[in-house]
Amino acid sequence: MGRIGAFFLRNPPPWPVLRFFGCVGVAWALLAVALSPSPAVRTVLVGAYIALWACHAARPWRVPAALVPWTVLGVLMLLAAAPSAGDPGGFRPFPFAEGSYADGALAVATAPAWAHLAILARTRDLAWCVPAALAVAPARHFAAGGLPLWPTWLMWGAGFLLLGLAFRLHTALYEARLRLAREAVAEERRKIAREVHDLVGHGLGVVLLNIGAARRAGARGDGAAVIAALEEAERVGRRGVRDVHQGLVLLRGPAPEAPAIAPAPPTADDIGALVGELRAGGLRIDLDTRGDLASVDPAVGLALYRVVQEALANTARHAPGSRATVAVSVDGPLALVTVADRGARTGAGRPAGGGLGLVGMRERVTALGGTLRAGPDGPGWRVEAAIPAGGAR
């Protein structure tokens with residue numbers, strides 16, 4: 001059974017199904033020859049049909065989609081050209097048509113042609129190629145005679161076409177589900193990547209601020225301040241490593257045991273604590289909050305927090321000696337945030353074009369139906385965001 005499975009699964013879908021139909025066609029064509037090996041012309045034509053599908057089942061060839069209808073019509077005409085087996089043999093499936101069992105087996109042997117037409121033909125070609133293929137048997141019979149069971153060809157052809165179209169629809173739905181699942185996983189990974197970036201950027205910014213404060217305290221000879229700044233840098237660094245580890249755990253597969261409950265994401269109310277932490281690291285920040293920050297949607301609150309966090313992390317990196325101003329307000333239906341600094345004392349500006357942090361901020365804000373502007377403001381830098389307080393509608 002393992003070898004049979006490997007035989008059919010050697011190629012990706014839909015080829016295993018097409019191989020199966022090819023084997024069905026070969027089996028019934030062999031039965032038709034076994035039931036009536038004469039006349040010789042019939043045996044030669046049916047033998048060519050058997051060889052064609054046997055080779056295809058062993059090593060499938062891929063016909064261009066535009067040529068599939070013409071190839072199927074040619075194959076059906078090859079089989080329809082085979083003369084009748086002769087003696088009806090008492091087989092009368094229809095009141096107006098009778099033939100031999102060999103003729104009936106030949107009708108069933110058309111299965112792979114119908115399956116290939118239904119599965120591989122282009123959608124726009126089905127409108128003309130299906131009626132043309134169904135017309136092969138009656139046209140052959142009424143034009144030249146000698147195809148006594150032509151209604152059986154129509155019956156089996158319609159049945160195999162419906163099976164093929166059902167598989168085609170199932171394949172389309174399955175591929176659509178896979179595509180949606182891949183897009184959902186990719187979107188989730190992008191969200192996690194943004195979170196990890198925010199955590200790393202903020203943590204490194206605070207660590208650098210405290211290291212700078214320790215260096216300045218060391219230059220003054222204030223040993224206690226040096227130790228306090230280094231202890232704060234160590235604390236923030238350890239917390240950053242823990243947070244990054246928790247974010248990376250989400251990128252791995254599900255653990256066999258139940259995962260620990262993740263901490264609640266920050267909200268707009270946590271902006272004050274964020275500013276206080278950066279102030280302790282030596283960054284000079286003026287904070288102005290207006291309105292009820294707790295009333296905004298949690299997703300909007302997280303976006304406001306991340307915008308402030310990223311903007312202040314950029315200030316710490318690019319303008320460490322500058323004073324920053326943070327203004328957060330809830331004004332009617334909008335939540336507004338502005339972060340501005342006065343630029344680096346050394347005159348060094350931001351890198352042109354921004355970085356991943358700016359891209360992440362813009363994605364967060366626009367996903368919630370808001371707008372974000374970031375750019376130079378005199379010698380400094382200014383970030384402004386406006387988001388619907390209730391989230392995207």
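Begin by selecting helices H2 and H5 in this predicted model, where H2 passes H5 in a left-handed crossing. The two helices pack at an angle of about 165 degrees, with their axes 8 Å apart, and because angles over 145 degrees count as roughly antiparallel, H2 is described as roughly antiparallel to H5.

Next, widen the view to the largest nonpolar core, which holds 44 residues, and colour Val46, Tyr49, Leu76, Leu79, Trp114, Leu117 and Trp153, the members that touch the most other members. Helices H2 (15–35) and H5 (101–108) are among the elements that give two or more residues to this core, and so are H3 (40–58), H4 (68–80), H6 (111–120), H7 (123–134), H8 (136–144) and H9 (150–220).

Which residues is Trp114 in contact with, leaving aside its neighbours within four places in sequence? Centre the view on Trp114, and you will find Leu76, Ala133, Leu134, Trp153, Gly157, Phe160 and Leu161 in contact with it.

A second, separate core of 40 residues can then be located by selecting Val206, Val207, Val300 and Val308, which are included in it.

Finally, turn to the cysteines Cys23 and Cys129: is each of them buried or partly exposed? Cys23, at 28% relative accessibility, counts as partly exposed, whereas Cys129, at 1% relative accessibility, counts as buried. A search of the whole structure for disulfides finds zero.

Note on methods
Residues numbered from 1 in each chain as written. Predicted model: local features only at pLDDT ≥ 70, side-chain atom pairs only at ≥ 80, totals over all residues. Heavy atoms only, no water. Core = buried A, V, L, I, M, F, W, Y, C linked by side-chain atoms within 4.5 Å. Buried < 20%, exposed > 50% of the residue type's maximum accessible area, 1.4 Å probe, protein only. Helix = DSSP H or I, 4+ residues; strand = E, 2+ residues; numbered from the N terminus. Contact = heavy atoms within 4.5 Å. Disulfide = S-S within 2.5 Å. Axes fitted to C-alpha atoms, helices over the stretch in contact; angles between N-to-C directions. Parallel < 35°, antiparallel > 145°, perpendicular 65-115°, else oblique. Left-handed = near helix turned anticlockwise from the far one by under 90°.
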